[in-house]
Amino acid sequence: MVDVATQSLDDHAAIARALREKKRRSEKRAGLIKHAFLIACTFIMIYPLLWMLSSSLKPSDEIFGSLSLWPSEVMWETYPEGWEGLPVSFTRFFGNSLFVTVLSVIGNVISCSFAAYAFARLEFKGRNIAFALMMMTLMIPYHVVLIPQYLIFLKAGWVDTYLPLIVPKFLATDAFFVFLMIQFFRQLPRELDEAAMIDGCSAFKIYWAIIMPLSLPAVATAAIFSFIWVWEDFLGPLVYLNDINDYTVPLALRMFLSQDSISEYGQMFAMSILSIVPIIIFFIIFQKFIIRGIAMSGLK
Amino acid sequence: MRDYLQKYGAGYVFLTPWAIGFLGLALGPILASLYLSFTQYDIINAPEWVGLENYEYMFSFDTRFYKSLQVTFAFVFLSVPAKLIFALGVAMVLDKGIRAIGIYRALFYLPSILGGSIAVAILWRQLFNQDGVVNAALGLFGIEGPYWLSDPRYSLYTLVVLAVWQFGSPMLIFLAGLRAIPQDLYEAAEIDAASKPRQFFAITLPLLAPVIFFNLVLQMIEAFKTFTGAFVISGGTGAPLDSLLFFTVYLYNEAFSFFRMGYASALAWVLLIIIAIFTAIAFYSSRYWVHYENERG
């Protein structure tokens, strides 16, 4: 009886070993196939971006009807020509975009971390209701609040200024970031706050000297995503900015589309490439934060 | 009173910016939008109360409203499943301890981070031009590509492809979900000689159901709100023949091209209700097909 049991155990071990060996061999083969598959997929995915880069350098009669990524002749001049290709220089557009984006990021980081600190660490009456309301705003499409917001800003005389784009960021209207930071703040040990409180620290001191430094990953994630989203934002500037001197980069790029002469396609692609360069640089530097941020919160 | 302030004061101080934003820029506008939806308002003259007229007109006579619903629903039902299937497929290939996973992950995610930009919308218009790259690629296989942008039968597909191209964030969420599935389940299945497809349907799919559900809700809401790509590719109007008249594009034009603020507000409320219904359906149906692990047994 005992023998049978040990033998069957031995058998099992042998079978398991054999299986593992077989698995290892097939995995090696499968690994190569997977890499080939993945490289092909990646190439197809990235191809449109590479095509845009190469088209920005091609002579204009080569842009269409060709799959090639190699310009027969590299036309660097599309870049300086594109930079001055609209009635107003792109120096201005990039300056405008940078101004709006930097202030929006600052606003988002301050106001969202304030709200998150209150929700995650402070006690006050009505906290649960306020939290539920905050979560509900996550679902509301921007298009629903757009018209009344526009009317408010119109009455305030803020249309054709950057205020409608920037001020809401200082009022924690991006509930996503509040939620993201709440999740992070809650993981920090409460003993830290309590010890600091006993030492006589104010709530603000705790926020500034304990919570914020320890939450740098969450704060950075929020800052990175607000930078990218505000930089790319099209609808906001489209609604609020009418003077070409105030245009941000996305609005300026769209102007290339209305002048439909083939000769300017190179310039249009050149400026399109420049418009995404800051985002790609951000992405390369902060990739870890971005990828973790999405896995943590389901940000888009 | 002093005690009360001492105890709760800090909470209210820190909450103040959010509270102003919530009342002034979220709750207030939502209610204002509801009110405006019962009026006719052109910004110059004061809003004029018309009762249910906007909604009556919309549902009884407005063919463009129905067209925009049809376009948007077609887009949601084509793009969301395709995007999720793609995201899950790639995530499963990436999940199994592959070398250089970081590089692949980053490159697959890159389109998602650029996808909302005007640069990509402009690029897309050129790719799908009649003598653009897509038709050149089809030509290699001897297929004569259609006029993607000017033929109303095909124009929506350009946007579906654009949406599927941005499968990066559901892919990352799937990857996190796949990591959470215990590996010994697969080992046990292997010993029982269960085939790979069977392992997928018996282990991966049920255990991943909560993540699939989460992605589904998120992507559906995103798809209903699609604007930039549709606006730029259709030249701002929903052309050709309203085949790219997304709900949001119609709403934008009613409000900011024709200044029919009352009617546009009614449209906005319809959008809000559609999104709410679909989110509710997703939540409700999840009871039947989503099993959270700790609920079993």
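Which residues lie nearest the centre of the second largest pocket? In this predicted model, they are A:Glu27, A:Ala30, A:Lys34, B:Lys96 and B:Lys196, which belong to a lining of 28 residues. The space inside this pocket comes to about 980 Å³. Helix α1 of chain A takes part in the lining with two or more residues, and so do α3 (63-95), α9 (183-191) and α10 (196-224) of chain B. The greatest contribution comes from α1(A), which gives 11 residues to the lining of the second largest pocket.

For chain A the average pLDDT is 88, and 94% of its residues score at least 70. Among the elements of chain A, the lowest mean pLDDT, 81, belongs to helix α1 (residues 2-55), whereas the highest, 97, belongs to helix α6 (residues 163-166). A reader who looks at the pocket described above may keep in mind that α1(A), the helix that gives the most to its lining, is also the element of chain A with the lowest mean pLDDT.

The next step is the division of chain A, which consists of domain 1 (2-55) and domain 2 (85-297). The C-alpha centres of these two domains of chain A are 41 Å apart, and the contact between them involves 5 residues of domain 1 and 5 residues of domain 2. Between domain 1 and domain 2 of chain A an area of about 410 Å² is buried, and carbon and sulfur atoms give 90% of that area. On the side of domain 1, the residues that lose the most area to domain 2 are A:Met52, A:Leu53 and A:Ser55, which together account for 80% of what that side buries.

The size of an interface is often given as the accessible area lost when the parts come together. Chain A and chain B bury about 7,800 Å² between them, with 81% of this area on carbon and sulfur atoms. Within the area that chain A buries against chain B, A:Met45, A:His143 and A:Ile147 supply 9%, which is more than any other three residues supply. The contact between the chains draws on 87 residues from chain A and 88 residues from chain B.

The structure holds 2 cavities of 30 Å³ or more, and the largest cavity has a volume of about 70 Å³. Residues of both chains line the largest cavity, including A:Trp231, A:Glu232 and A:Pro250 as well as B:Ser117, B:Ile118 and B:Ala119. At least two residues of this lining come from each of α10 (216-232), α12 (249-258) and α13 (265-297) of chain A and α5 (118-127) of chain B. The lining of the largest cavity is made up of 8 nonpolar residues, 2 polar residues and 1 charged residue.

Finally, two details of the backbone deserve attention. The peptide bond that runs from B:Ala239 to B:Pro240 is cis, with omega near -5 degrees, and B:Pro240 is placed in the loop between α11 (228-233) and α12 (247-256) of chain B. In chain A, the residue A:Asp160 has phi near 70 degrees, a positive value in a residue other than glycine, and A:Asp160 is found in the loop between α5 (142-155) and α6 of chain A.

Note on methods
Residues are numbered from 1 along each chain as its sequence is written. Chains are lettered from A and ligands numbered from 1 in the order in which they are written. This is a predicted model: local features need pLDDT of at least 70, side-chain atom pairs count only at pLDDT 80 or more; totals for chains, interfaces and linings use all residues. Side-chain values use heavy atoms; hydrogens and water are left out. pLDDT is the predictor's confidence in each residue, from 0 to 100. Helices (H or I, at least four residues) and strands (E, at least two) are DSSP runs, numbered from the N terminus. On a 1 Å grid over the protein atoms alone, a cavity is a set of points where a 1.4 Å probe fits but cannot get out, and a pocket is an open set with protein on both sides within 12 Å along at least five of seven lines; lining residues have an atom within 4 Å of a point. Grid points are joined across faces, edges and corners, and a volume is the space filled by probe spheres set on the points. Domain bounds come from an automatic or database domain assignment. Contact means heavy atoms within 4.5 Å. Buried area is the accessible area (1.4 Å probe) that two parts lose on being put together, summed over both. Ala, Val, Leu, Ile, Met, Phe, Trp, Tyr, Cys and Pro count as nonpolar, Asp, Glu, Lys and Arg as charged, and the others, Gly among them, as polar.
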